[in-house]
Amino acid sequence: MEGDNIIGLKNGKQSISLEPGGQLELSGAPLITLHQTCDEINSHLYQAKTVAEEMRIGFLGLGFQPKWRLEDIPRVPKVRYDIMQNYFHKFGLPGVDPLLRTCSVQVNLDFSSEADMIKKMRASLALQPLATALFANSPFKEGVPNSYLSIRSHEVDQVDKRRTGMLPFVFHDTFGFEQFVDYALDVPMMFVYRKNKYIDCGGMSFRDFMAGKLPAIPGQVPTLSDWENHLTTIFPEVRLKRYMEMRGADAGPLNMLCGLPAFWVGLLYDEVSLQNVLDMVADWTNEDRQYLRNKVPITGLRTPFQGRLLRDVAEDVLKWAKDGLDRRCLNESVFLDPLMEVVRTGLTPADKLLEMYKNEWKNNIDHVFREKCY
């Protein structure tokens with residue numbers, strides 16, 4: 001609760017929160033197998049649909065609101081979100097649109113040591129644009145095609161360059177926990193939480209906070225909760241907390257929701273597959289990675305890269321992901337089937353949506369609400 005408003009739900013280690021534009025976010029419990037993860041997603045969608053149908057509400061599995069204008073989006077009444085929106089307005093940053101009209105699917109993965117974290121961060125950051133391409137599912141904006149396969153990915157990258165992006169320092173020889181902390185300390189603050197209230201700290205320094213010199217609450221120093229709250233206002237392609245968040249994929253249909261954890265678990269939780277990825281990306285430069293980050297939202301798997309198409313890279317990477325899952329001996333590689341189909345045909349979810357829009361829907365976006373409702 002926040003005041004008289006219900007802003008979230010909890011059930012054991014699961015929680016549901018309302019994002020700024022009314023997006024419904026499930027934060028699942030830590031689980032062991034992909035079967036458990038997919039069962040959890042199925043259960044969540046069933047419960048959400050059961051409740052919502054009585055109110056004639058549906059849920060879309062897309063990466064961006066396909067029809068409504070920004071001014072049409074109702075705002076969730078959370079002080080935290082008001083402060084964030086005010087911050088973006090104050091500094092002339094285009095952050096409000098991604099807050100209100102985008103929707104992603106993320107997977108959180110753990111690590112066993114600093115050395116393990118470093119390897120997984122490098123592999124996952126390098127391949128995050130590939131995940132964006134495979135899961136691209138936001139080709140519409142305000143009722144028409146928007147010239148992107150994933151406009152969500154593009155708009156998120158425009159929010160604030162200090163708190164988004166591909167984190168080039170992760171690939172430096174000196175990278176470790178301390179270097180990520182140094183990066184996060186220099187990202188401007190948005191708020192602190194004291195006595196059940198959010199206090200606007202827009203643009204202030206966490207380093208000053210550490211020294212007890214935060215203008216909003218002088219003399220106070222941060223708690224671990226303050227640090228955790230600060231990290232939630234940083235949006236790189238992979239976010240490091242006590243675990244790693246993979247943030248590159250658009251929301252999509254159920255089979256794709258289950259495909260994302262399968263993709264990353266197969267690559268990062270298997271030493272052979274992880275090393276294959278690290279070997280492949282070892283000679284990629286910062287410019288290579290940024291090129292993919294910039295181009296993939298537009299051209300997806302058709303992006304030219306190092307003498308071939310990204311689709312060809314995806315074929316290799318998916319094989320490694322499947323091999324990694326097979327070595328877990330849990331019959332999990334079936335969850336990769338939708339991604340295998342994307343690579344086989346070269347058609348992402350966004351490509352299929354655009355084809356339906358031009359043909360079956362006769363350029364009428366309203367059909368998407370029935371066709372892509374969970």
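Predicted model: local features only at pLDDT ≥ 70, side-chain atom pairs only at ≥ 80, totals over all residues.
A residue is called buried when its relative accessible area is under 20%, exposed when that area is over 50%, and partly exposed in between.

The protein chain contains 15 helices and 14 strands. Its radius of gyration is 20 Å, close to the 21 Å that the globule rule gives for 374 residues, and the chain is therefore as compact as a globular protein of that length. Taken along the principal axes, the box filled by the C-alpha atoms is roughly 60 × 50 × 40 Å. Of the 374 residues, 51% are buried. The contacts also reach across the sequence: of those between residues at least 6 apart, 69% join residues at least 24 apart.

The surface and the charges may be considered next. The protein chain exposes about 17,800 Å², and carbon and sulfur atoms supply 52% of this area. There are 44 positive and 49 negative side chains, and the centres of these two sets lie 3 Å apart.

The structure holds 16 aromatic pairs. In one of them, the ring centres of Tyr87 and Phe91 are 4.8 Å apart and the planes meet at 50 degrees, so the pair is tilted; planes under 30 degrees apart would count as stacked and planes over 60 as edge-to-face. The two partners can also be described by their accessibility. Tyr87 has a relative accessibility of 2% and counts as buried, whereas Phe91, with a relative accessible area of 37%, is partly exposed.

A second pair is formed by Phe140 and Tyr357, with ring centres 5.3 Å apart and planes at 45 degrees, so this pair is tilted as well. Phe140 belongs to strand E5 (residues 140-141) and Tyr357 to helix H14 (residues 349-358); the pair therefore ties together parts that are 217 residues apart in sequence. Phe140 and Tyr357 are both buried. Elsewhere, Phe169, Phe175, Phe180 and Tyr183 make up one aromatic cluster.

Arg56 is situated in the loop between helix H1 (34-53) and helix H2 (79-90). Its phi is near 60 degrees, a positive value in a residue other than glycine. With a relative accessibility of 80%, Arg56 counts as exposed. Asn196 lies in the loop that separates strand E8 (191-194) from strand E9 (197-200). Although Asn196 is not a glycine, its phi is positive, at about 65 degrees. The relative accessible area of Asn196 is 66%, and the residue is exposed.

Leu301 is a further loop residue, placed between helix H11 (286-299) and strand E13 (304-305). Is Leu301 buried or exposed? Its relative accessible area is 3%, under the 20% limit, so Leu301 is buried. Residues up to four places away in sequence aside, Leu301 touches Leu130, Ala133, Leu134, Leu309, Leu310, Arg311, Ala314, Val342 and Thr348. Leu301 and Asp312 are eleven residues apart in sequence, and their C-alpha atoms are 8.3 Å apart in space.

Terms used. Residues numbered from 1 in each chain as written. Heavy atoms only, no water. Helix = DSSP H or I, 4+ residues; strand = E, 2+ residues; numbered from the N terminus. Rg over C-alpha atoms; globule rule 2.2 N^0.38 Å. Buried < 20%, exposed > 50% of the residue type's maximum accessible area, 1.4 Å probe, protein only. Contact = heavy atoms within 4.5 Å. Areas by Shrake-Rupley, 256 points an atom, 1.4 Å probe, with all protein chains shown as cover. Lys, Arg positive; Asp, Glu negative; His and termini not counted. Charge placed at Lys NZ, Arg CZ, Asp CG, Glu CD. Phe/Tyr/Trp six-rings, centres within 6.5 Å; stacked < 30°, edge-to-face > 60°.
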